[in-house]
Amino acid sequence: MVSKSLLRLASAVNRRRMKLLLGIALLAYAASVWGNFVNMRSLQENGELKIESKIEEIVEPLREKIRDLEKSFTQKYPPVKFLSEKDRKRILITGGAGFVGSHLTDKLMMDGHEVTVVDNFFTGRKRNVEHWIGHENFELINHDVVEPLYIEVDQIYHLASPASPPNYMYNPIKTLKTNTIGTLNMLGLAKRVGARLLLASTSEVYGDPEVHPQSEDYWGHVNPIGPRACYDEGKRVAETMCYAYMKQEGVEVRVARIFNTFGPRMHMNDGRVVSNFILQALQGEPLTVYGSGSQTRAFQYVSDLVNGLVVLMNSNVSSPVNLGNPEEHTILEFAQLIKNLVGSGSEIQFLSEAQDDPQKRKPDIKKAKLMLGWEPVVPLEEGLNKAIHYFRKELEYQANNQYIPKPKPARIKKGRTRHN
Ligand SMILES: NC(=O)c1ccc[n+]([C@@H]2O[C@H](COP(=O)([O-])OP(=O)(O)OC[C@H]3O[C@@H](n4cnc5c(N)ncnc54)[C@H](O)[C@@H]3O)[C@@H](O)[C@H]2O)c1
């Protein structure tokens with residue numbers, strides 16, 4: 001009996017000890033698991049911290065770059081005047097991405113108007129007006145004026161047309177369509193919305209003139225089937241259309257007969273004497289003079305022309321007005337002046353006289369002076385320096401392999417070489 005009770009006591013003590021031991025073992029295990037867990041956590045946290053700091057090292061410079069890019073994308077526009085709604089006009093410029101059109105766009109935008117440029121980019125380019133893209137007063141529409149256009153405007157400057165011989169001779173039929181169907185479409189738009197239309201006509205309506213200088217009442221001397229007829233006759237009929245719409249439909253029209261114009265954004269290969277000489281002088285090539293170089297030419301600087309166009313548009317003169325610079329210079333004078341301004345070592349090379357090269361070209365601008373109070377004010381040297389600066393930059397652009405659209409060569413291969 002005693003031994004049985006002793007045995008029971010002993011086993012009870014053992015069980016308790018066993019339980020105790022088991023409990024201690026469990027606690028030790030839990031403690032070690034916890035310890036491991038804590039260790040792993042801190043290792044992991046350390047690792048995470050390291051990874052995070054590595055990521056930060058890589059990301060921070062990228063963030064910096066994005067900030068720089070964002071800064072450079074914040075468009076800064078040239079200063080624009082504020083015009084009240086009453087004075088602010090909605091103005092359409094066809095051919096507004098071209099040489100003259102883009103300068104006109106600049107002026108009208110800076111004067112505070114809303115400008116819509118319509119262009120098919122045949123000879124124009126977006127770069128000429130890119131500094132306005134995104135401005136609330138500006139819109140650029142890729143559109144061919146040979147197709148009708150439906151927009152609401154107060155004034156239309158109709159400039160769309162290739163202007164230099166290589167460009168307008170490239171596709172004479174298209175040149176005719178642009179100047180005829182295109183002008184009809186714009187006059188139709190002017191009639192529909194009650195807008196005033198200014199046509200950019202040309203001194204070429206006088207053809208190979210028999211009177212010098214040419215005044216607006218001279219009817220001209222144009223060969224209707226010659227290589228230049230697509231342009232000359234195209235502009236002549238465009239003028240006729242303007243006056244038919246004025247008489248028959250009461251459309252308000254203005255006609256500017258523009259003489260040779262030069263300045264930044266002009267076409268480098270337009271075959272005209274100023275661009276030829278600047279390009280030759282900058283490239284160290286001989287300046288080529290056809291004949292003795294005593295033929296005269298007169299060139300106006302583009303800002304003078306643009307001011308004249310705006311004054312004419314806002315005047316009450318509905319008959320054609322010459323806009324040009326009557327200051328004549330011989331071809332040789334141009335060559336020497338440009339050579340000196342460029343600081344070029346190019347020689348002047350005399351080539352045989354070109355057939356049909358007009359001896360004189362000079363506008364009579366009495367009407368513009370009298371009726372518009374307009375005359376050119378930019379001195380030749382000042383304008384030439386600006387054009388030279390532009391050509392130099394363009395050549396650098398080309399050297400850096402950036403894309404510059406080259407003017408298309410004329411399709412008619414037998415065109416004569418002459419000073420334009
Ligand atoms: N620059 C001059 O010395 C001069 C002299 C006389 C007349 N003009 C007249 O002034 C205007 C502008 O001449 P520029 O020297 O700026 O020439 P440009 O070639 O630089 O500009 C003409 C613009 O009209 C666009 N265009 C041509 N066909 C078009 C069409 N079917 N639809 C839409 N857009 C079209 C061209 O892409 C270009 O942007 C022309 O009408 C030209 O006849 C210019």
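Colleague: Which residues lie nearest the centre of the largest cavity, and how many residues line it?
Modeller: The largest cavity has 46 lining residues, and L159, S161, P162, A163 and Y231 are the ones nearest its centre. A cavity here is a set of points, on a 1 Å grid over the protein atoms alone, where a 1.4 Å probe fits but cannot get out, and a lining residue has an atom within 4 Å of a point. This is a predicted model, in which local features need pLDDT of at least 70 and side-chain atom pairs count only at pLDDT 80 or more, while totals for chains, interfaces and linings use all residues. Residues are numbered from 1 along each chain as its sequence is written, and side-chain values use heavy atoms, with hydrogens and water left out.

Colleague: What volume does the largest cavity have?
Modeller: Its volume is about 770 Å³, taken as the space filled by probe spheres set on the grid points, which are joined across faces, edges and corners. The space taken by the ligand is this largest cavity.

Colleague: And how does its lining divide by class?
Modeller: The lining of the largest cavity has 17 nonpolar, 20 polar and nine charged residues, where Ala, Val, Leu, Ile, Met, Phe, Trp, Tyr, Cys and Pro count as nonpolar, Asp, Glu, Lys and Arg as charged, and the others, Gly among them, as polar.

Colleague: On to the ligand: which residues come nearest?
Modeller: There are 32 residues around the ligand, and V100, D119, T123, Y231 and H267 come nearest; being near requires a heavy atom within 4 Å.

Colleague: Which polar side-chain atom lies 2.5 Å from an oxygen atom of the ligand?
Modeller: That atom belongs to Y231, while polar backbone atoms of V100 and L159 are each 2.8 Å from a ligand oxygen; the cut-off for such a pair of N or O atoms is 3.5 Å. The protein buries 98% of the 820 Å² that the ligand exposes when taken alone, with areas from the Shrake-Rupley method and a 1.4 Å probe.

Colleague: Which element gives the largest share of that shell?
Modeller: Strand 5 does, with three residues, and helix 2 (99–110), helix 4 (172–193) and helix 5 (229–249) are among the elements that each supply at least two. Helices (H or I, at least four residues) and strands (E, at least two) are DSSP runs numbered from the N terminus.

Key:
A polar contact is a pair of N or O atoms within 3.5 Å; within protein, one must be able to donate a hydrogen and the other to accept it, and residues adjacent in sequence count only if both atoms are side-chain atoms. On a 1 Å grid over the protein atoms alone, a cavity is a set of points where a 1.4 Å probe fits but cannot get out, and a pocket is an open set with protein on both sides within 12 Å along at least five of seven lines; lining residues have an atom within 4 Å of a point. A molecule sits in a cavity or pocket if more than half of its atoms lie within 2 Å of its grid points.
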